[in-house]
Amino acid sequence: MDDHLPAADTSELLELEEPRLPLLTLSEAQQLLEVLQHFGATDHDWGAQARHFAAELAARVPSYDA
């Protein structure tokens with residue numbers, strides 16, 4: 001399995017105006033779950049890991065409907 005992901009442009013992420021919280025907010029966790037579910041739909045080797053973590057996160061985070 002390829003352990004290297006493409007480099008991401010983090011320049012926007014580094015310009016936070018507020019300090020980071022030690023945990024994700026509910027909204028951040030729900031958004032991350034959507035990203036993992038989308039990426040998990042691929043047949044790429046990382047897709048299996050994305051599906052795994054999407055399932056783990058979904059078990060811990062309330063859905064938008066809740």
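Biologist: Why is Glu 56 called partly exposed?

Modeller: The model is a predicted one, and in it Glu 56 has a relative accessibility of 33%. Partly exposed covers the range between the buried limit, under 20%, and the exposed limit, over 50%. Glu 56, at 33%, therefore counts as partly exposed. Its place is in helix H2.

Biologist: What makes the pair Arg 60 and Glu 56 a salt bridge?

Modeller: The side chains of Arg 60 and Glu 56 meet at 2.9 Å, N to O. The rule asks for a side-chain nitrogen of Lys or Arg within 4 Å of a carboxyl oxygen of Asp or Glu. In general, side chains of opposite charge can pair when their charged atoms come close.

Biologist: How do you know that Arg 60 and Glu 56 are separated by about one helical turn?

Modeller: Arg 60 and Glu 56 are 4 residues apart in helix H2, which means a separation of about one helical turn.

Biologist: Is Arg 60 buried or exposed, and why?

Modeller: Arg 60 has 61% relative accessibility. Exposed means over 50%, so Arg 60 counts as exposed.

Biologist: Why is Gln 30 called buried?

Modeller: The relative accessible area of Gln 30 is 8%. The term applies under 20%, and therefore Gln 30 is buried. Gln 30 is found in helix H1.

Biologist: Where is Thr 42 found, and why is it called partly exposed?

Modeller: Thr 42 is found in the loop between H1 and H2. Its relative accessibility is 28%. A polar atom of the Thr 42 side chain lies 2.8 Å from the backbone oxygen of Phe 39. Beyond its neighbours within four places in sequence, Thr 42 is in contact with Gly 47 and Arg 51.

Biologist: Which residues make up the largest nonpolar core?

Modeller: The 7 residues are Ala 29, Leu 33, Leu 36, Ala 50, Ala 54, Leu 57 and Val 61. H1 and helix H2 (45-60) each supply at least two residues of this core. Membership requires buried residues joined through side-chain atoms within 4.5 Å. Leu 36 touches Ala 50, Phe 53, Ala 54 and Leu 57, not counting residues up to four places away in sequence.

Biologist: Which residues make the nonpolar surface patch?

Modeller: Leu 24, Leu 32 and Val 35 make a nonpolar surface patch of about 260 Å². Val 35 has its place in helix H1 (residues 26-40).

Biologist: What can be stated for the chain as a whole?

Modeller: Its secondary structure comes to 2 helices and 0 strands. Of its 66 residues, 17% count as buried. The chain exposes about 5,900 Å², of which carbon and sulfur atoms supply 57%.

Technical notes:
Residues are numbered from 1 along each chain as its sequence is written. This is a predicted model: local features need pLDDT of at least 70, side-chain atom pairs count only at pLDDT 80 or more; totals for chains, interfaces and linings use all residues. Side-chain values use heavy atoms; hydrogens and water are left out. Patches are made of residues with over 30% relative accessible area and no salt bridge: like charges are joined within 9 Å, nonpolar side chains (Val, Leu, Ile, Met, Phe, Trp, Tyr) within 5 Å. Accessible areas come from the Shrake-Rupley method with a 1.4 Å probe; for residues, only the protein chains shown count as cover. Buried means under 20% relative accessible area, exposed over 50%, partly exposed in between (1.4 Å probe, protein chains only). Contact means heavy atoms within 4.5 Å. A polar contact is a pair of N or O atoms within 3.5 Å; within protein, one must be able to donate a hydrogen and the other to accept it, and residues adjacent in sequence count only if both atoms are side-chain atoms.
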